[in-house]
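Biologist: I should like to go through this model with you and ask for the reasoning behind each label. Please set the values against the criteria as we proceed.

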Amino acid sequence: MKQTKSKSRTVNVLSAACAVLGMSPTAFGALYSESFESGTLSGWNAGTLNGSTTTVNTDLASQGIYGTMNTFTVPSTFAGYTVVNILDRDARSFLDSETATISADVYSNWANPQGWGVYDNSIKLVLNYEGGYQVLNATSGSLVNGSFTSLSWDLTPWAATITNSGLSYSSIGFSWKLGTYADNGTENGTQTLAIDNIQAVPECGAFALLGLGGIGFLGFRRRAAC
């Protein structure tokens, strides 16, 4: 109980600091950061896309050496919408109720054979928790074929819900969504997806606290000078 109260007081102070300083959440350090430099999935679960499993390797990384990657076949017979999992983990293992955004560097390289008609090719953030299921669109960024791009999602409306310790399960994951017309039925597509540099940013961080402390220090000196 003491820990909960202490955390609550800290959050309140940091929130006040944000208001005083007029800064956005992205101005502060990350609550969580993962670039897979251990060479492992670091607590993330690997999704399987048409028989191919997401792995950590040295083939593609937006920073450092390691990154996750999956190269898989998109069947020529496929048509319609599908959402397939790339990576996921328990939201409560690395996020808290003050999480504002989650971002990631995402690589896409899709060899699109003649005959495909595409109306969606994107990365979604999927929240799957006791009592709810949400598929979130990125609030900034989009897939760029052949290169890494940074995507971010707003978690503010959901953070408290998905990090509730009373839930029986709570998963957050990156998923690939494809919407396409059927192709000519004779060619398969190949998609490579990579995810690296995952970051969760809180509503307010240590820099705000330091800033508020600096304001207090200046006020103290001003009063002392009087």
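Biologist: In which strand is Ser-170 found?

Modeller: Ser-170 is found in strand 12, which covers residues 170-181. Please bear in mind that this is a predicted model.

Biologist: Why does Ser-170 count as buried?

Modeller: The relative accessibility of Ser-170 is 3%. Buried means under 20%, so Ser-170 counts as buried.

Biologist: What makes the pair formed by the side chain of Ser-170 and the backbone oxygen of Ile-162 a polar contact?

Modeller: A polar atom of the Ser-170 side chain lies 2.6 Å from the backbone oxygen of Ile-162. The limit for a polar contact is 3.5 Å, and the pair lies 2.6 Å apart.

Biologist: Where does Thr-99 lie, and why is Thr-99 called buried or exposed?

Modeller: Thr-99 lies in strand 8, residues 99-111. Its relative accessible area is 1%; the buried class is under 20%, so Thr-99 is buried. The side chain of Thr-99 reaches the backbone oxygen of Asp-96 at 2.8 Å. Beyond four places in sequence, the residues in contact with Thr-99 are Leu-31, Leu-155, Thr-156, Ala-159, Ala-200, Val-201 and Pro-202.

Biologist: Which residues of the largest nonpolar core touch the most other members?

Modeller: That core has 37 residues, and those touching the most other members are Ile-102, Ile-123, Ile-172, Phe-174, Trp-176 and Ile-198. At least two core residues come from each of strand 6 (67-74), strand 7 (80-90), strand 8, strand 9 (117-129), strand 11 (147-154), strand 12 and strand 13 (189-202). For the protein as a whole, the secondary structure comes to 3 helices and 13 strands, and 42% of the 226 residues count as buried.

Biologist: How many aromatic pairs are there, and what makes the pair of Tyr-81 and Tyr-119 edge-to-face?

Modeller: The count comes to 8 aromatic pairs. For Tyr-81 and Tyr-119, the ring centres are 5.0 Å apart and the planes stand at 85 degrees. Centres must lie within 6.5 Å to pair, and planes over 60 degrees apart count as edge-to-face, so the pair is edge-to-face. Because Tyr-81 lies in strand 7 and Tyr-119 in strand 9, the pair ties together parts that are 38 residues apart in sequence.

Biologist: Why does Tyr-119 count as partly exposed?

Modeller: Its relative accessibility is 38%.

Biologist: Why is the pair of Tyr-107 and Phe-148 called tilted?

Modeller: The centres of these rings are 5.5 Å apart and their planes are at 55 degrees. Stacked requires under 30 degrees and edge-to-face over 60, so the pair of Tyr-107 and Phe-148 is tilted. As Tyr-107 lies in strand 8 and Phe-148 in strand 11, the pair ties together parts 41 residues apart in sequence. Tyr-107 is buried, with a relative accessible area of 12%, whereas Phe-148, at 25%, counts as partly exposed.

Biologist: Which residues form one aromatic cluster?

Modeller: Tyr-32, Trp-44, Phe-94, Trp-153 and Phe-174 form one aromatic cluster.

Biologist: What is the phi of Phe-36, and why does Phe-36 count as buried?

Modeller: Phe-36 is not a glycine, yet it has a positive phi of about 60 degrees. Phe-36 lies in the loop between strand 1 (32-34) and strand 2 (45-46). Its relative accessibility is 0%; the limit for buried is under 20%, so Phe-36 counts as buried. Ser-42 is found in the loop between strand 1 and strand 2, and its phi is also positive, near 50 degrees. At 24% relative accessibility, Ser-42 counts as partly exposed.

Biologist: Where does pLDDT stay under 50?

Modeller: One such stretch is residues 21-27, for which the model has 12 contacts beyond four places in sequence. Over residues 205-226 the pLDDT is also below 50, with 20 contacts beyond near neighbours in sequence. Where pLDDT is low, the predicted coordinates should not be read in detail. The mean pLDDT of the protein is 81, and 75% of its residues reach 70 or more.

Technical notes:
Residues are numbered from 1 along each chain as its sequence is written. This is a predicted model: local features need pLDDT of at least 70, side-chain atom pairs count only at pLDDT 80 or more; totals for chains, interfaces and linings use all residues. Side-chain values use heavy atoms; hydrogens and water are left out. Helices (H or I, at least four residues) and strands (E, at least two) are DSSP runs, numbered from the N terminus. Buried means under 20% relative accessible area, exposed over 50%, partly exposed in between (1.4 Å probe, protein chains only). A polar contact is a pair of N or O atoms within 3.5 Å; within protein, one must be able to donate a hydrogen and the other to accept it, and residues adjacent in sequence count only if both atoms are side-chain atoms. Contact means heavy atoms within 4.5 Å. A nonpolar core is a set of buried Ala, Val, Leu, Ile, Met, Phe, Trp, Tyr and Cys residues joined through side-chain atoms within 4.5 Å. pLDDT is the predictor's confidence in each residue, from 0 to 100. Rings of Phe, Tyr and Trp (its six-membered ring) pair if their centres lie within 6.5 Å; planes under 30 degrees apart count as stacked, over 60 as edge-to-face and the rest as tilted.
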